[in-house]
Structures are given as structure tokens and as C-alpha cells.
Amino acid sequence: MPAMATISFARGAPSLDIVDVEGLRESARLAFDNDPAGTTAYGTSVGYVPLREWIAEQHGVAAEQVLVTNGSMQADAFLFELMVGAGDGVVVESPTYDRTLLNLRGRGADIHMFDLERDGIDVEQLAGALGQGFRPKLAHIIPNFQNPAGYTLSAAKRGRLLELATEHDFTIFEDDPYVSIRFEGEPLPTMLSQDDAGKVVYASSFSKTVCPGIRVGYLVGPQAVIKQIQTLATNTYISPNMVAQSIVNQFARSGRMDGAIETVKTALRARRDALVAALERELPEARFQAPQGGYFMWVELPEAVDVAELERAAAAREVIFVKGTDFLLEGGANTLRLAYSGVNPEQIDEGITRLAEAVRSLGVAA
């Protein structure tokens, strides 16, 4: 009997069939043909200058407000290094990206988690803490199709966060790698675009729109902040990967970006729909909100389910997911994150069938 194939809901990355490999191949050729000197040189710590200028145009800011990095995680690390020291208060969503928690813990930050509602962070809970004397340096917010929950911050809450940041003098770190991957509903303005007080630093990535392996991300913020981060970048690596950034520049300027995004969005909508249908059929007591874009869905199972036990039972059936507890400081023992980006609808259907079998094997009614 052939071995059962592993189905992974763990990794937030697109499968190869929805990556524009031909477009990347052509963009690489153009990068070396059109600018061999710039593509192969060390470059500068701000990144590949033509790509920096293209990003600035997209956000309607001066190029001096942009720094292009080796992936958005590098951008995050630079911002945390600049702004967060041991004991500094930092606001995060509950749940939030596990690598953010890891990075902040490593810096000795005083992490305060605030409830994540289906329309984003509970801003009035945050306002209450601020009213009681809490003084954060930074608020890390993933506004669109949040990782891990898939939720989107409402327009009203975006405005309220900006008010609180201005009133209480903290920086909003608008971490927005999924913004282009909306396949339903109307896009919302970024907090960066509404920031009149210089309180927002924005980050995004080409990992979700071009391909994960390209490792190109960026920061946009007040020029003085970007200048300080430029110094950190210079001291860290002299310059980031010019080859990768030159390829992304050609990919963006050739028009391939728009087509690539449409391909990804079409595929992910079908995968999201398949996940919803499979959960409703196989785990009708699971609670979730279908996201309007992005890669992830947060699932809450009956309270009696121990997600650590479920992880082992699912692995025995060759199904992998990420425990909800990885994204929290406490609680969440019955929650999990399902990434639907790297699995096709047929794999999703089979994977959720196996996951339901794993739940039933624990003796808990699903």
C-alpha cells in the first residue's frame, strides 16, 4: 500500500503552480541586460535605487522615505532594533505572528497583547490601558488578512489607532505583506496614507506577490526614521541583495506584477472556498471567519480539544498545521492556524477530512 502523502497547512507560501516562473525568468534576463552594473554591484544600504523609486511612487512618498531590505522580516528586525529596548512597552494583537513575538521577546520587550476581534484589534481595550498609564513605544499591527487570523482592520479602527498614537506618542508599525492579496470586498486606505503626524512606519513584501524565494521587502516611514535604519542596514550588510531587487524592479515595471497578483488571487479564492466547504462538512462545530484575502484562517475547535494532542494525531495522518498557542502568550489551547495558500482544493478537501478524523480520535465530539 503506497504511503500517504503529507498535506501541509503550516506554511504561508504559494504553491509553485501559481508562481509566474516565466515572468521571473524574463525579469532576470532584463535585469542583467538593462543594468548589469547596478544588478551585480554592492549597491547602497537603501536598496536597489530604481526599485526604491518605484515603491515610493506606489505610496506617493519621497524616495528618501523608503528602504528596501532582504525580506520584510529584515525590515521588522531593523525597526525593532531602532525602537525597542529591554523593558519598552509594545502593543501586539492577540493572536499575532509568531516570529514577531520571538523577535520582541529576544529584545526583552514588555509585550502587551490586546484582543483581536473580527474587525481588528480591540482599540477601546487599548484606549483603556493607555488611560490607565500604559505608555508603549510601538504598536505592531497587521491590518489586512492578519497572520494568523485572516481578519482585516476596519476603517474606523484604523482612524482610532492613528488618534491614539498621536495622543499618546507611540509609533504604529503597519506590517502589511498581504495587502495586495484581496479577492473580495473593497480595499481600505493604509494608515500610512492617512498619517499626518509621522506616527506610522509601514512594511510590506514581494514574497506574497512575486515569490517567497525572492526575499525582498521594504519599509516606508518618516525620513528621519528611515535615515536611522539606513545606518543600521549599512552596519549589518553594506547593501541588501541587488540581484533579487533588480529582478523585482523589472518584474514590477514590465507589468508582470499585476498579472501575477491576479493569478494568486484567483487561486486563493478557490482554495479559501474549498477550506470553508470542507470545514463546514467535516468539522461543523469549528468556529471561523472566512477571510476576504490573504493566506490564513484561524479556527477555534470545541474547548475540550487540546491542540497539542491534535497536532500529534494529525501528524500520524500526515496532516500538518500550526497550533494557535504559537501565536499567543497564553491561552488558545483549542485553536489552530490553517494556511490554504500552498495546497490545492483537492488537497484541502482530503486534508480536512483527515484532520476531522484526528479530532474524532481524541474522543471529542466535532
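The largest nonpolar core has 48 residues, of which L51, I55, L161, I172 and F206 touch the most other members. Such a core is a set of buried Ala, Val, Leu, Ile, Met, Phe, Trp, Tyr and Cys residues joined through side-chain atoms within 4.5 Å, where buried means under 20% relative accessible area with a 1.4 Å probe, protein chains only. Helix α9 (residues 242–253) gives the most to this core, with 6 residues; helices are DSSP runs of H or I, at least four residues, and strands are runs of E, at least two, numbered from the N terminus. Apart from this core lies another, of 42 residues, including I142 and F288.

This is a predicted model, in which local features need pLDDT of at least 70 and side-chain atom pairs count only at pLDDT 80 or more, while totals for chains, interfaces and linings use all residues. Residues are numbered from 1 along each chain as its sequence is written, and side-chain values use heavy atoms, without hydrogens and water.

I172 belongs to strand β7. Because 5 of the 5 residues of β7 (residues 171–175) are buried, the strand is largely enclosed by the rest of the structure. In a regular strand the side chains alternate between the two faces of the sheet. In β7, T171, F173 and D175 are buried on one side, and I172 and E174 on the other.

Strand β6 (residues 138–141) runs parallel to β7, joined by 4 bridges; pairing requires at least two DSSP bridges. A139 has I172 as its bridge partner. Parallel pairing also links β7 with strand β8 (residues 200–205), over 4 bridges, and there F173 stands opposite V201.

Key:
Buried < 20%, exposed > 50% of the residue type's maximum accessible area, 1.4 Å probe, protein only.
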